[in-house]
Structures are given as C-alpha cells and as structure tokens.
Amino acid sequence: MDVDGGNKRVFHRLGGPSGDTKHQKVCFHWQAGKCNRYPCPFLHSELPPSNANGSSSKRPYGSADNSGFSGPRRNPNYSNWGHGGGRGGGRGAASGGRGVVMKADKVCNYWIQGKCSYGEGCKFLHSWSLGDGFSLLTQLEGHQKVVSGIALPSDNKLYTGSADETLRVWDCQSGKCIAVVTLGGEVGCMISEGPWVFVGIPNFVKAWNTQNSMELSLNGPVGQVYALVINNDMLFAGTQDGSILAWKFNVVTNCFEPAASLKGHSRGVVSLVVGANRLYSGSMDNTIRVWSLETLQCLQTLTEHTSVVMSVLCWEQFLLSCSLDKTVKVWFATESGNLEVTYTHNEENGILTLCGMHDSQGKPILLCSCNDNTVRLYDLPSFAERGKIYSKQEVRAIQIGPSGIFFTGDGTGQVRVWNWTTEPTTTTFQ
C-alpha cells in the first residue's frame with residue numbers, strides 16, 4: 001500500500017534533485033479540482049519561491065509498513081514527512097469549463113439562512129465540507145452548548161456529552177434522541193470501552209454499564225476531568241489540578257478501585273493517549289509527559305510546544321501532538337528511547353484536537369480541528385490536504401465509528417455524522 005501519499009512524485013514536481021524546471025507551471029486541471037493524469041507533467045502545488053530547490057528542512061523519518069493508529073513502535077522506513085503538495089479535492093473550485101468559479105474559503109452566510117440567490121455562481125461555499133471521498137450523512141440537534149465528548153459503546157447507540165450538563169443517547173438507525181441524562185456538571189470528556197461509558201465532570205468520573213445498567217461515581221479528581229483513556233483494566237483521568245488518576249477494574253466486585261495518582265504536570269491535563277506500553281499526557285503547562293505503564297513513572301518530559309498541548313495521538317511508531325501554538329509535531333523515538341521532533345506541520349490557527357482514521361481505501365487520514373471553526377483532513381505521512389469541514393463554531397470532539405463513519409461535535413451543540421464513500425466523488429455545491 002502506498003502510504004506515503006505519493007511523496008516522491010510530488011517531490012519531483014516541486015523541483016527535486018533533478019533540478020528540471022522545464023515544466024514549472026501549475027496544472028490548470030488541478031486548480032479546477034479535476035486532474036486525473038498520472039504522472040502529470042505540471043505542478044500540483046502553487047509555484048515555489050524562486051530560491052526553492054525542493055529540499056526539505058525536516059528530518060526525513062517516514063511511514064511504517066502499515067497504517068495503524070496507537071500501534072507498536074517499529075523501525076521506520078525512511079520517507080518524507082510533509083511533502084504532499086496539494087490535492088484537487090481541497091481547491092474549492094466548481095467545475096464548468098472556462099466558467100470555473102473559484103470558491104472563497106468561507107461558507108456563504110446567505111446559503112446557511114436558505115436565501116442565497118447566486119446559486120452555483122456564488123463565490124462562497126454552499127456546503128459544509130470541501131474535498132472528495134467523504135460526505136455529510138445527517139445532523140443531530142439537541143445540545144445547547146459545546147459538544148465535548150462522543151462515544152460508541154457496544155450497544156448500537158451513540159452517546160454525546162456537552163457543557164450543557166447533559167448526556168444524550170441517540171438511536172443509530174433512526175438518528176433520534178432516545179434519552180437525556182442530566183449530570184449536574186459540565187462534561188469535560190467522554191469515552192467508551194466495551195459496554196462501559198465513562199464521562200468526566202467536575203470532581204467525578206461517571207461510569208455506566210450499558211448491558212446491566214450499573215452506574216458508578218468515581219471520586220478523587222480535583223476540578224474538571226478533561227481527558228480519559230483505558231488500557232487493559234486500568235482507567236486514567238486527566239484533571240484540572242494537573243494530576244492523572246488511575247483506577248483498576250476489580251472483576252470480583254465489578255467495580256473500579258483507586259490505583260495510583262501520577263504527579264508532575266503543573267497545570268491541567270487535557271489529553272491522554274496510550275501506545276507502545278506508554279501513557280502520553282498533554283497539558284496546559286505546554287508539555288507532554290511520557291509515563292511507563294508498568295511502573296507508572298514519568299520517563300520523559302517533552303517541552304517543544306510553546307502553548308497548551310491540546311491533543312496527543314499515536315500512529316504507528318510516531319507520536320503526534322497539537323497545540324494552540326498552531327503546530328502539529330511528529331515525534332519519533334531515537335536509539336536511546338527518547339522522543340524527538342522529526343517534523344513540524346504549521347497551521348494558521350491554534351489546533352484543538354487530533355483524530356486518526358482510514359478512508360474507504362484504507363489510507364491513513366489525520367483530522368485536525370482548528371480554532372477557525374474548521375477541521376482539516378490530511379493524508380499521512382505526506383500531510384497532503386484531502387479536504388476541509390466547516391462549522392458554525394469550533395469542533396471540540398471527533399469520534400470514529402464503524403464502516404467509514406465519523407462524528408464531529410461543535411460549539412453550538414450540533415453533532416454531524418460523516419461517511420467516507422467507497423468511490424471518489426467530485427465536490428458539489430448545493
């Protein structure tokens with residue numbers, strides 16, 4: 001499988017080592033979003049600066065031999081991070097021969113209100129997404145404030161939590177809300193594992209077993225619970241005071257019992273992920289801490305981010321992190337076992353959360369929610385743009401479902417359901 005997103009092809013189009021400048025011209029068909037030539041003799045990117053020589057300032061660590069998220073570490077095949085160039089699906093053009101209308105990177109306000117008179121001739125987008133291969137299935141309305149957690153336990157229902165202090169349960173067949181649970185506190189995060197649903201609220205973690213209706217309240221957190229993750233029978237919670245609390249599931253008593261408290265962060269822990277027998281924690285103190293799951297001791301503190309580390313994600317042998325400092329950093333373990341930054345991807349806005357999944361062809365995709373109310377979709381490891389999702393307010397929660405389904409929850413309380421399509425589709429504006 002070509003998991004490098006065609007890095008070598010794009011690298012040569014950008015004036016790679018050959019130094020051939022014969023066809024240093026941007027492909028018109030690519031700009032219109034419909035180039036299907038391979039190899040294409042023209043650039044699938046904007047023209048590089050005159051002094052560009054196509055070389056990368058990034059260290060050339062690359063993809064592994066398959067594309068699993070939260071997978072074990074392996075020796076990497078050397079490749080090129082971030083050499084993806086552009087893709088037709090992200091250009092924002094509506095086809096029409098010589099009458100191509102280049103769309104501005106903004107959703108039409110009049111279209112949102114159902115009264116735009118320009119139709120396809122409007123220079124703004126008449127769609128909540130831009131790109132090919134995925135589409136909007138439906139919207140779920142009900143929450144009154146930001147959606148901060150989405151979970152899919154093994155009971156064929158969707159669970160969503162919000163700052164409006166409620167948990168909503170949705171029927172996955174009809175899309176209707178079938179239950180509303182008042183929690184008495186804002187939902188900071190939510191996850192599921194098997195039949196269990198875990199919800200972080202101020203000073204507590206609430207747990208429900210959807211099979212037998214058992215309900216538990218796990219106390220110990222100080223302040224809001226911002227992050228939750230499970231590894232084997234251990235539940236970890238990142239809290240507002242900078243602690244990471246751990247509970248162990250006791251099969252005999254069918255309860256979660258306090259196991260440990262991990263100290264080290266000086267401010268709130270807002271993101272947790274498990275991979276390679278390690279626990280990774282992102283914090284408001286601008287750092288990432290690496291913890292051994294065997295000893296629960298901190299092994300390393302990563303300090304390269306300059307603002308809040310909002311989200312951490314494991315993909316193959318890499319750790320990915322994002323921050324309000326407008327960067328996504330890719331980390332790789334050196335021979336000593338310590339993590340170092342191997343590539344930095346820059347955005348124009350702060351980044352709120354990361355989520356990894358595969359498209360309908362099995363290719364790895366990174367979803368980056370930014371605080372300009374968009375979610376950017378990128379191929380991995382090339383960071384070639386696949387598309388963009390727009391919202392009225394910023395997306396705080398992204399969750400992967402079965403069969404190419406994924407969910408986004410935004411600041412208005414709206415949950416959207418998306419689907420990767422089997423066949424590539426051309427962007428349309430309705």
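## Strand 22 and its two faces

In this predicted model, the side chains of strand 22 are divided between two directions: Phe 318, Leu 320 and Cys 322 point one way, while Leu 319, Ser 321 and Ser 323 point the other way, and all of them are buried. In a regular strand the side chains alternate between the two faces of the sheet.

## The neighbours of strand 22

Strand 22 is paired with strand 21, which spans residues 309-315; the two run antiparallel and are joined by 6 bridges. Within this pairing, Val 312 has Ser 321 of strand 22 as its bridge partner. The two strands form a hairpin with 2 residues between them, and Glu 316, which lies in the turn, has a positive phi of about 50°.

Strand 22 is also joined to strand 23, made up of residues 327-333, by 5 bridges, and here too the strands run antiparallel. In this case Leu 319 has Trp 331 of strand 23 as its bridge partner. Strand 22 and strand 23 again form a hairpin, now with 3 residues between them, and Lys 326 in the turn has a positive phi of about 75°.

## Aromatic pairs

The structure holds 14 aromatic pairs. In one of them, the ring centres of Tyr 343 and Phe 383 are 5.5 Å apart and the ring planes stand at 40°, so the pair counts as tilted. Because Tyr 343 lies in strand 24 (residues 339-346) and Phe 383 in the loop between strand 27 (374-379) and strand 28 (385-390), the pair ties together parts that are 40 residues apart in sequence. Both Tyr 343 and Phe 383 are buried.

Elsewhere in the list of aromatic residues, ring pairs link Phe 134, Phe 406, Trp 418 and Trp 420 into a cluster.

## A buried glutamine in a loop

Is Gln 414, at 9% relative accessibility, buried or exposed? Gln 414 counts as buried, because a residue is called buried when its relative accessible area is under 20%. This residue is found in the loop between strand 30 (405-410) and strand 31 (415-420).

The side chain of Gln 414 is joined to that of Glu 141 by a polar contact of 2.5 Å. When its neighbours within four places in sequence are left aside, Gln 414 is in contact with Gln 139, Leu 140, Glu 141, Val 147, Thr 408 and Gly 409.

## The chain as a whole

The chain contains 3 helices and 31 strands, and buried residues make up 52% of its 430 residues. Among the contacts with a separation of 6 or more, 45% are between residues 24 or more positions apart. The chain exposes about 19300 Å², of which carbon and sulfur atoms supply 46%.

Conventions
Residues are numbered from 1 along each chain as its sequence is written. This is a predicted model: local features need pLDDT of at least 70, side-chain atom pairs count only at pLDDT 80 or more; totals for chains, interfaces and linings use all residues. Side-chain values use heavy atoms; hydrogens and water are left out. Buried means under 20% relative accessible area, exposed over 50%, partly exposed in between (1.4 Å probe, protein chains only). Helices (H or I, at least four residues) and strands (E, at least two) are DSSP runs, numbered from the N terminus. Two strands pair if DSSP finds at least two bridges between them. Contact means heavy atoms within 4.5 Å. Accessible areas come from the Shrake-Rupley method with a 1.4 Å probe; for residues, only the protein chains shown count as cover. A polar contact is a pair of N or O atoms within 3.5 Å; within protein, one must be able to donate a hydrogen and the other to accept it, and residues adjacent in sequence count only if both atoms are side-chain atoms. Rings of Phe, Tyr and Trp (its six-membered ring) pair if their centres lie within 6.5 Å; planes under 30 degrees apart count as stacked, over 60 as edge-to-face and the rest as tilted.
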